[in-house]
Amino acid sequence: MSLFTARQYPSTRLRRMRKDDFSRRLMRESTLTPGDLIWPVFVLDGQGRREAVPSMPGVERMSLDLLIDEAHEAYELGIPALALFPVIDASLKSELAEEAYNASGLVQRSVRELKAACPELGIITDVALDPYTSHGQDGILDEHGYVHNDRTVETLLKQALSHAEAGADVVAPSDMMDGRIGAIRAVLEQEQLHNTRIMAYSAKYASRYYGPFRDAVGSAANLGKADKSTYQMDPANSDEALHEVVLDLSEGADMVMVKPGMPYLDVVQRVKRELKVPTFAYQVSGEYAMHMAAFEQGWLDADAVLLESLMCFKRAGADGVLTYFAKRAARLLAQ
């Protein structure tokens with residue numbers, strides 16, 4: 001006889017433990033704290049610049065001087081890390097994305113200054129070429145317009161190395177090229193950057209939830225009607241996600257990520273339950289935009305729903321969540 005069939009009403013009344021706040025808290029299975037949150041931010045060149053992202057109400061692109069002030073506030077709120085995404089001027093984009101590994105580039109300068117200003121805040125950098133390519137794809141195209149895997153990896157490892165040398169705590173390859181984690185780990189080891197962590201976007205799906213993000217970094221117009229289905233994962237697959245995660249771990253990833261978030265919580269749960277490794281998820285721009293649209297219409301209780309949405313990630317097994325709600329959630333959790 002199983003435990004569950006042995007428990008019967010009325011000797012077992014599950015509502016007993018739900019009656020009071022104290023007993024609900026004592027039996028709570030998952031917890032959410034500011035320490036579970038990673039804040040994605042968009043950085044611009046220049047000084048004193050703020051630009052609203054129309055498809056992401058409340059999210060702004062910021063110049064580094066303003067971002068440093070925001071980073072201090074995030075750290076004071078208990079947020080352990082931010083994830084840095086650049087907005088690259090169109091004049092710096094090219095077919096081969098050379099600006100991605102410029103030691104004096106926007107990301108590299110931002111990392112150095114953020115670490116100098118707020119050394120205890122973790123800085124995670126995006127290792128991907130789409131902000132830097134004139135065509136908006138995450139890699140180098142061959143003569144047929146197909147993203148060339150190994151040629152792209154050559155550029156990605158240069159980019160990751162430039163971020164690590166600038167002082168990034170974590171490099172996060174989000175490109176989905178085969179073999180890039182092993183190549184990046186090898187060059188980090190070769191350059192004695194043993195403690196630079198790799199957060200691999202291991203199960204990144206070819207999702208339509210990314211639209212507002214592409215607006216924010218300025219890659220949407222370059223990409224046009226093209227998609228990324230030749231390298232990002234088919235939304236129909238979950239077994240494949242486990243293969244991707246295992247490969248990235250074998251190549252030297254320290255953490256793995258599932259992206260998007262809430263529509264793929266089944267994948268988050270499988271990764272954490274079956275592999276028991278540090279597992280993260282990204283509450284992506286489309287998820288944020290949908291929530292904000294409902295909040296602005298008054299259709300949902302904003303504060304309660306955003307915290308509930310984040311708790312869902314924790315319940316599924318995520319160790320942390322990248323979310324544009326990070327600062328707002330941290331303030332609510334402090335109340």
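Contact here means heavy atoms within 4.5 Å. The model is predicted.

Q: Which residues is leucine 82 in contact with, leaving aside its neighbours within four places in sequence?
A: Leucine 82 is in contact with Ile38, Trp39, Val41, Ala71, Leu114, Leu121, Gly122, Ile123 and Ile124.

Q: Which residues have the most contacts inside the largest nonpolar core?
A: They are Phe42, Leu82, Leu84, Leu114, Met199 and Tyr282. That core has 107 residues.

Q: Why does threonine 155 count as buried?
A: Its relative accessibility is 2%. Buried means under 20%. Threonine 155 therefore counts as buried.

Q: Where is threonine 155 found, and what does it touch?
A: Threonine 155 is found in helix H5, residues 149-166. Not counting residues up to four places away in sequence, threonine 155 touches Leu96, Ala97, Tyr101, Leu129 and Ile140.

Q: What makes H4 roughly parallel to H5?
A: Helix H4 (residues 106-117) packs with H5 at an angle of about 25 degrees, and their axes are 8 Å apart. Angles under 35 degrees count as roughly parallel, so H4 is roughly parallel to H5.

Q: Which residues make the contact of H4 and H5?
A: H4 brings Val107, Gln108, Val111 and Arg112. From H5 come Ser162, His163 and Ala166. By class, the contact has three nonpolar, three polar and one charged residues.

Q: In a left-handed or a right-handed crossing, how does H4 pass H5?
A: The crossing of H4 past H5 is right-handed.

Methods. Residues are numbered from 1 along each chain as its sequence is written. This is a predicted model: local features need pLDDT of at least 70, side-chain atom pairs count only at pLDDT 80 or more; totals for chains, interfaces and linings use all residues. Side-chain values use heavy atoms; hydrogens and water are left out. Helices (H or I, at least four residues) and strands (E, at least two) are DSSP runs, numbered from the N terminus. Buried means under 20% relative accessible area, exposed over 50%, partly exposed in between (1.4 Å probe, protein chains only). A nonpolar core is a set of buried Ala, Val, Leu, Ile, Met, Phe, Trp, Tyr and Cys residues joined through side-chain atoms within 4.5 Å. Axes are lines fitted to C-alpha atoms, for helices over the stretch in contact, and angles run from 0 to 180 degrees between N-to-C directions. Angles under 35 degrees count as roughly parallel, over 145 as roughly antiparallel, 65 to 115 as roughly perpendicular and the rest as oblique. A crossing is left-handed if the near helix is turned anticlockwise from the far one by less than a right angle, and right-handed if clockwise. Ala, Val, Leu, Ile, Met, Phe, Trp, Tyr, Cys and Pro count as nonpolar, Asp, Glu, Lys and Arg as charged, and the others, Gly among them, as polar.
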